[in-house]
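Me: Hi! Could you walk me through this structure?
Reply: Happy to, let's take it piece by piece.

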Amino acid sequence: DLRGVAREGLADHYRNTGAFEKGVALYGDYIAKYPDDPVNAQLVMAQGLDLKRAAKNEEAAAKFNEGAAVMLKQIDEELDQNRRAQMLND
């Protein structure tokens, strides 16, 4: 969608200019505005990558852990939906 294209274009610009923390903030603002967007797990991981590029390893590790937790939650929710659908079909 256009929102994602614009977000990623700006994030790429920040990366290309070495403004990694601006990319982290951009993704953080997006996640805050759209907390239920399924892409958020990947955005948290992207924040971790940008923090790693900025040599903020402890903050990066925390973001990677946060992103993994969000992904696991999404997987669990999807499995629950599949289980519910199977129960309805049965």
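Me: Where is Ile75 found?
Reply: Ile75 sits in helix H4, residues 57–89. Helices here are DSSP runs of H or I with at least four residues, numbered from the N terminus. This is a predicted model, where local features need pLDDT of at least 70, side-chain atom pairs count only at pLDDT 80 or more, and totals for chains, interfaces and linings use all residues. Residues are numbered from 1 along each chain as its sequence is written, and side-chain values use heavy atoms, leaving out hydrogens and water.

Me: Is Ile75 buried or partly exposed?
Reply: Ile75 is partly exposed, because its relative accessibility is 46% (buried is under 20% relative accessible area, exposed over 50%, partly exposed in between, with a 1.4 Å probe and protein chains only).

Me: Which residue does Glu66 pair with?
Reply: Glu66 pairs with Lys63, with the closest N and O atoms 3.4 Å apart. Both lie in helix H4, 3 residues apart, about one turn of the helix.

Me: And what about Arg15, which residue is its partner?
Reply: Arg15 forms a salt bridge with Asp12, the closest N and O atoms being 2.9 Å apart. Arg15 counts as buried at 19% relative accessibility, whereas Asp12 is partly exposed at 38%.

Key
Helix = DSSP H or I, 4+ residues; strand = E, 2+ residues; numbered from the N terminus. Salt bridge = Lys/Arg side-chain N within 4 Å of Asp/Glu carboxyl O.
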